[in-house]
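Subject: Structure for your review

Dear colleague,

Please find below the structure that I am handing over to you. My findings follow it.

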Amino acid sequence: MNPFDQNHQHSTRRQFFGRSATGIGAAALGALFTKDIRATPPTSESELAATGSESRSGMHFPATAKRVIYLMMSGGPSHIDLFDYKPEILNRRGEQLPDSVRNGQRLTTMTSRQKQLPVLPPLKKFKSYGNANMMLSELLPFTGGIADDICLVKSMNTEAINHAPAATFFLTGSQIPGRPSIGAWASYGLGSMNEDLPTFIVMNSRDQQNSCGQLLYDYYWGSGFIPSKHQGVRFRSGGDPVLYLSNPDGMPRALRRKMLDHLHALNQEKLTDYGDPEIETRIAQYELAYRMQMSLPEITDVSDEPDHVVEMYGPDVHRPGSFARNCLLSRKLAEKDVRFIQLMHIGWDQHANIPTQLAHQCKDTDQPAAALVKDLKQRGLLEDTLVIFGGEFGRTVFGQGNINNTKGYGRDHHGRAFSLWMAGGGVKPGFQYGKTCDYGWNVVENSVHVHDWQATVLHMMGINHEQLTYRYQGRRFRLTDVHGHVVDDLLA
Amino acid sequence: MKKFHSSSRVNRRDASAITALLFFLGLVFLGMCFAVGCSVCFPVASGQEVSERIGSNPANPISFDKHVRSILSENCYFCHGPDPNHREADLRLDQSVGTRSVIDLDDPQSSALITRILEDDPDLQMPPPNSGRTITPEQRKILIAWIQQGAQYEPHWAFVPPVRPDIPTVKNTSWPRNAIDHFILATLEDQAIAPANRAQPNVIVRRMHLDLIGLPPTRSEVTDFCQRFAENADAAIDELADRLLNNEHYGERMALPWLDAARYSDSNGFQQDGDRHQWPWRDWVIDALNANMPFDQFTIEQLAGDLLPAPSNQQLIATGFNRNHMLNGEGGAIPEEQRNNYVFDRVDTTATTWLGLTMACAQCHDHKYDPITQKDYYRFFAYFNNVDETGSVNRRAGRLHCAKPFIELKTDQQKKQLQTIAEKTKPLRAELAELDQSITAAMRLWEADAVEAPPEDIKRDELRILRLPADERNKSEADKLKNYYLLNFAKEPWKTIKIALQKLEKRKTKILAGVTTVMVMRERQQPRTTNLFERGEYENVGDEVNCAVPGFLPKTEMTEIKDRLALAEWLMAETNPLTARVTVNRYWQIFFGTGLVKTSEDFGVQGERPSHPALLDWLAVDFRSHDWDVKRVHRMIVTSETYLQTARFRNALQDIDPENRLLARGPRFRLPSMIIRDAALSVAGLLNQQLHGKPVYPYQPDGLWKEFSLDKFAYVPSDGTDLHRRSIYTFWRRTVPPPNLFDSANRQTCIVKPSRTNTPLQALTMLNDPTFVEAGRKLAENLLANNQITTDRQRVGESFLIALGRKSTETETNALLAAIQDSRTFYTQAIPAAKKLIAIGDSASNVQTDEQTIELAAWTSVMQIVLNTDEFMNRQ
């Protein structure tokens, strides 16, 4: 039974608890503690503390990651060029990818008719970084600087080969849209840790050149069939950070306050007459809306940040809507205990002109992502905040187009093997995991399928991925479908 | 027999009694061997009911279907269920064989099934303490009693065809107005609960208006009804129902849940998310509902209208139902993969909408709970696998637009324009054709020069053709070069003729680009074979299968025919246990917020049992036996005393029936956001009530589409009264749905159960969206323009009558009087602010003086309060 089914809205907390004996699951109890569903604001500090600590401790076991910041690199960053060092192919430029490696696996229709599949070695040199001796492309000097904080997984894999299905798979566990996204699951399972901000916040940015953009769909942060209150709230880069946040022109906050008080008098009268607890919830939600009108503009204003902190994120931080600015904002949101923060950055889909585009893209993302990790660390937040950096798949080791025409070639989508890094929140720092073949094409050791990765992330949040379920159409759905294993080796 | 399809089909509709009998026996057998899946907690009320009435008295008969299955599935199947990857101790409790192995009929208390549950040792206790599942003492009693009574299995209720139950007798014979009330009251009397009083007439009229036409009553409609109600309440209620059922807005209201089920949208979804033209299908639905098209015809035309003899355009448009799915034209997408995805979608949508079954589970493996095999799935899939489609998306004017098959609906004007163009084109073409020899000869001379010194602005391709020897050019190359020559270098009048022709061609292309295209169903000439896909993967082809209905459901003579029309007819067959139940349940959900079966999307064994099984069956049989008359069911519901009860919560019942499943009061729930918007426009006098037509573009925050669309689509708001059409006509973009229509179904996949959440973002929308600010202003303007009322108190009272259909209480009046004072005081000091507030929205306001500005702004803010009351957003 799902705790938030429409009719349950008519139940009081007491009834919820009473019902737990008849089979309500742990999910329901966890979600009960979400602050934003309570009918009335907490009456005392102690109540707040009590519910807060309950939600912080994780759902099924103690959480190592109270918050998650997911830097979703939309388009498919080239693991071959950035993360997965393959000295074996350095001298094989132009050689055909052996059939024994490809093994009949399907290609997208963009290269399935390409007659040649010439090996294209990494575009730039790799260097060893940190005490961990992590080999990373010199396109990523700042990431190299945090090598001892990150856990690099080189054996990620997915079945999907096109963007929308692959991203949907990463974010919802299914290639077909319609299921709850990972942040929505976190909100549903763990609830909110703060009073004035949404539980799940999304910020999007794109490459400055706008050269190979993918579209971002709202189901990437949607709630699917679980109640829509759990869907991600997308911050916009221009205008109101949240739609309809500002009062109408000519309606100042002071007058709005008075009008809301009168509105509450009317709703209270109705509540007394009808006794519907949903009216009580509505009164509380109007109050929260009023508080959000203050808290959201505050959180998106970076003018109080000291210069040395702002500068860490690189020059692009001064441009609202940039990935760098969003990284800085996500640190502020983490400080405010927003549970799940999802940054999506467009522009990794380099089918053509990869030499130029990849360099631009790294410039846009390398410094801000590394700065975020450092900034969290210097504030003591990294230990219980998980930062994730990765795309929906990687790219082919073979070149797409004519590899002798610098402006003309790129790489196609590749899901059989790719890389992703994580930091903080209970992952092993300075650690590399998984191995691919000499061509970076197939995983040969310690495979981490997308469902495994999802199970592991939930685990760090204190959630057993098999037990966080929602009943819909007669089935208990979960993020990992019927798959997924926690990869213990990744945990500190 | 039926007016809409050929007599050759008619004999197929006679269901054989033998088939039905065989089917029933089969079901009993199935019940035996499936012992069946699954779960479902009891609703709280019935859970308690069970413990009180049965668990505590083992002499009461225990039904496997009603009492036992849910306990086993919820607590045991996780480890002892159908999933072989998760099974412990090689024990399956989802099959009778396994269950029998842990049952001792002679000594129920010693059955392993019971002893392991009673076990204190945590290592032996079942379910294990760390599983988070517990079997309550009441449930244990039920299990023991069930074994004592012989541990009989039963088929799942929803898979047994409904038989019309007797209408129960009740003690309070004066209460019921119709059969529904007998069923509801009988259950209440069983529990010694009296029904609630009838709601006040002003509440009834508002409720029925919102439920049946999705618009609140006008002030005079409320007054008229209350007056008639005072004279003759029963007549007033029946007349109101009849009037609303015949109102043209009924079809718009009832289309809303159907559009959600049909995942209707004005765009394709996925990359680019280009526009499509399925709105004629939406209009077809509105018209069919208004015309009270029988539900079997409604079904057959939508699922298989193309297979009816000589289908009309309207019948073809109806089949758009199963072309409303998303289309993926993403770069790199593999057409065959996409095409299979569309067929999967049709299977899921059709199964959920008509059968209440979650077929999708069986795409990859046999269903874990319901007796649907993977083979059943692909046999069902085969019905939808023969559409003449490729999986690719066609472009129009550079945008991904629609996928074949589609029909073009030219307007009379377009037809006329095209005809005019054709008439003008014909003589010009003839003239050029006549001159062709001379033209070719002249062109050859030109070519000779041009090869030597090519024209400066010649395009690359034309130059290439020019350089080819004339006899090596194919036809299209030759034509291309000739066109180029004629347009640029030919002598008069050739050049003029060609230019005229080219202009006509361009006009024709432009007109054709504006023609509405509706995607429809059409079968391929050469049938596709269908194969089972291992693990649901389209590349992983298994055994070939042919069309067939799921094996556990009754077959009829129709199912011998392997096409969609036969499938549609089978759905409506008398022996089909699901269609009628599933459909009346969704109707119930419209009026009571929750279906008699709460899981309206799932009637399988994992679904919830009906709160009133006999009522559901009675309604289902009644619906079918009255020629699937939809309005008849709706009328019966809204004229029932059950529906007419007050929605006030009853303290005494809060613990017994917190979800109001017993219906000892009227239901109270928030309106769909589309109807809230319509209601706001309506009470403000802004609503443009026009029916039908192309989608419109009401207010939306700037730049919202741009962020999502690679700059290819700009949202251009509509003009004038198109800003104020009903929400059903708002352009629905799948990747960026209208932001103020919160909690709407996503229109990506089939949704049959509404979402009703209560969030701060909704509060912000209601307070700050210009739609609602403008509605508040117009409401204020109308109050201020009314010469009959001159005092603040009168205006407050009037606003309540208009917006909520009732008088305000003293407390409410005082609150709003205080509000107008606060607001007036503020705006008197802040005239620029007042001007800004009343400038919101495109509609004009007629204020001249500062005083008028202050008054209008002040009243606007107060009317915003009224539109933001919980009551305004609710139907109660």
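Leaving aside residues up to four places away in sequence, which residues does A548(B) touch? The contacts of A548(B) are R379(B) and T559(B). Please note that this is a predicted model.

A548(B) belongs to the loop that lies between β6 (541-545) and α23 (564-571) of chain B. L435(B) is 113 residues apart from A548(B) along the chain, and 62 Å separate their C-alpha atoms.

A helix pair in chain B also deserves mention. Two packed helices are described by the angle between their axes and the distance between the axes. For helix α9 (residues 201-212) and helix α10 (residues 219-231) of chain B, the axes come within 9 Å and cross at roughly 125°; the two helices are therefore oblique to each other. The crossing of α9(B) past α10(B) is right-handed. On the α9(B) side, P201(B), N202(B) and V205(B) take part, and they meet E221(B), V222(B), F225(B), C226(B) and F229(B) of α10(B). Classified by residue type, this contact comprises six nonpolar, one polar and one charged residues.

In chain A, strand β9 (residues 394-400) and β10(A) run antiparallel and are joined by four bridges. R395(A) has H413(A) in β10(A) as its bridge partner. Strand β10 (residues 410-414) of chain A has five of its five residues buried, so the strand is largely enclosed by the rest of the structure.

With kind regards

Conventions. Residues numbered from 1 in each chain as written. Chains lettered and ligands numbered in written order. Predicted model: local features only at pLDDT ≥ 70, side-chain atom pairs only at ≥ 80, totals over all residues. Buried ≥ 20, exposed ≤ 12 C-beta atoms within 10 Å, placed from the backbone. Pairing = 2+ DSSP bridges. Axes fitted to C-alpha atoms, helices over the stretch in contact; angles between N-to-C directions. Parallel < 35°, antiparallel > 145°, perpendicular 65-115°, else oblique. Left-handed = near helix turned anticlockwise from the far one by under 90°. Contact = placed C-beta atoms within 7 Å. Nonpolar A, V, L, I, M, F, W, Y, C, P; charged D, E, K, R; others polar.
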